[in-house]
Amino acid sequence: MTFMLPHYLTHQNRPSPVLNYIWDDTRADEDFHYDSADLVIEMTDMATRSRIALCIGIYEWIIWRFHCLTDDPAPFQIAEAAWCGNINADYVEYIEFNRKDYLGPVRGPLYGAMASLVEVINYTSENKDAWVEGLMFLAPLAMHVLPDTNPFEEWLEYVTDRLLRLYPEPEDNPYEDIFNDHEEERRGPLVAREALDPSFDYHPDQAPELLDNFLRNIDHMANPFLRSPEELMELGIEHPYRVLPPESPEWRK
């Protein structure tokens, strides 16, 4: 698998294998205590792609929490597919899981996180509140399962402020695109993973090259949730798994 967790997570102390939280698969979020309402209000002022990016970032904290407790590749494959889907939703195949395969205090939270992120990355104009529903599960779940929430809360505050500053919500008139011919453009500018790294001096104009590098290092054949280049070309993506055009100086790097 080529997908790696970001270094601001992997450089932290190894998460404790001790599960010191309540978990009941029959009631899941009823035991959560974090209220994400204020975060939702803040995020409404962001462009759509930055909202999705922040949800993916929260999800990565959750899979980091459990990465030493499971060898299931699916949580990582979902994260990789989500970043691709935030570039263009057509990259992502239909995703579905068997709930019965994800029970207990480790696989149960992972199922909830994966299902919530799938809801977010399938964000469409027909379900404009999908990111809200996903976020309102993901953020409280992270706060519930992380053994030390302080680093997560500091990261969340910093990255939320950064995305609000760099990617404000553009004015959007859906009646100008009633057939969704420009849905990708209406999601706002591209957002690279590095935007979520507090130590990275990130600027939005870096996003195309950073994301192009990300896509070039993906093994789509190893991820069942990603479409093949042939399928993507049929869907109108001229240069699958690239962001920069062929005439770009970076194309052959």
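I start with the residues that join H3 and H4. On the H3 side they are Arg49, Ile52, Ala53, Ile56, Tyr59, Glu60 and Ile63, and they meet Pro75, Phe76, Ile78, Ala79, Ala82, Trp83, Asn86 and Ile87 of H4. By class, this contact has 12 nonpolar residues, 1 polar and 2 charged. Please keep in mind that this is a predicted model.

Now the geometry. Two packed helices are described by the angle between their axes and the distance between the axes. H3 covers residues 48-66 and H4 covers residues 74-87; their axes are 10 Å apart, at an angle of about 170°. H3 is therefore roughly antiparallel to H4, given that the cut-off for that term is an angle over 145 degrees.

The crossing of H3 past H5 is left-handed.

Which residues of H3 meet H5? They are Ile52, Cys55, Ile56, Tyr59, Ile62, Ile63 and Phe66. Across from them, H5 contributes Pro105, Val106, Pro109, Leu110, Ala113, Met114, Leu117, Val120 and Ile121. The contact of H3 with H5 counts 16 nonpolar residues, with no polar and no charged ones.

On to the charged pairs. Side chains of opposite charge can pair when their charged atoms come close. How many salt bridges does the structure hold? There are 8, and I will take some of them in turn.

One is between the side chains of Glu60 and Arg193, at 2.9 Å from N to O. Glu60 is in helix H3, while Arg193 is in the loop between H8 (183-186) and H9 (207-216), so this pair ties together parts that are 133 residues apart in sequence. Is Glu60 buried or exposed? Glu60 counts as buried, because its relative accessibility is 1%. Arg193 counts as buried too, at 17%; the cut-off is under 20%. Glu60 is also one of the H3 residues in the contact with H4.

Another salt bridge joins the side chains of Glu93 and Arg227, at 3.9 Å from N to O. Glu93 sits in the loop between H4 and H5, and Arg227 in the loop between H9 and helix H10 (229-234), so the parts tied together are 134 residues apart in sequence. Glu93 has a relative accessibility of 23% and therefore counts as partly exposed.

Arg216 and Asp212 both lie in H9, 4 residues apart, about one turn of the helix, and their side chains form a salt bridge at 3.3 Å, N to O. Arg216 is partly exposed, with a relative accessible area of 33%, whereas Asp212 is buried at 2% relative accessibility. Together with Arg242, Asp212 and Arg216 are linked in a network of salt bridges.

Last, Arg187. This residue is found in the loop between H8 and H9, and is buried, with a relative accessible area of 4%. What does Arg187 touch, leaving out residues up to four places away in sequence? The list is Ala47, Thr48, Arg49, Ile52, Gly85, Asn86, Ile87, Asn88 and Ala89. Among these, Arg49, Ile52, Asn86 and Ile87 also take part in the contact between H3 and H4.

That is where I will stop.

Key
Residues numbered from 1 in each chain as written. Predicted model: local features only at pLDDT ≥ 70, side-chain atom pairs only at ≥ 80, totals over all residues. Heavy atoms only, no water. Axes fitted to C-alpha atoms, helices over the stretch in contact; angles between N-to-C directions. Helix = DSSP H or I, 4+ residues; strand = E, 2+ residues; numbered from the N terminus. Parallel < 35°, antiparallel > 145°, perpendicular 65-115°, else oblique. Contact = heavy atoms within 4.5 Å. Nonpolar A, V, L, I, M, F, W, Y, C, P; charged D, E, K, R; others polar. Left-handed = near helix turned anticlockwise from the far one by under 90°. Salt bridge = Lys/Arg side-chain N within 4 Å of Asp/Glu carboxyl O. Buried < 20%, exposed > 50% of the residue type's maximum accessible area, 1.4 Å probe, protein only.
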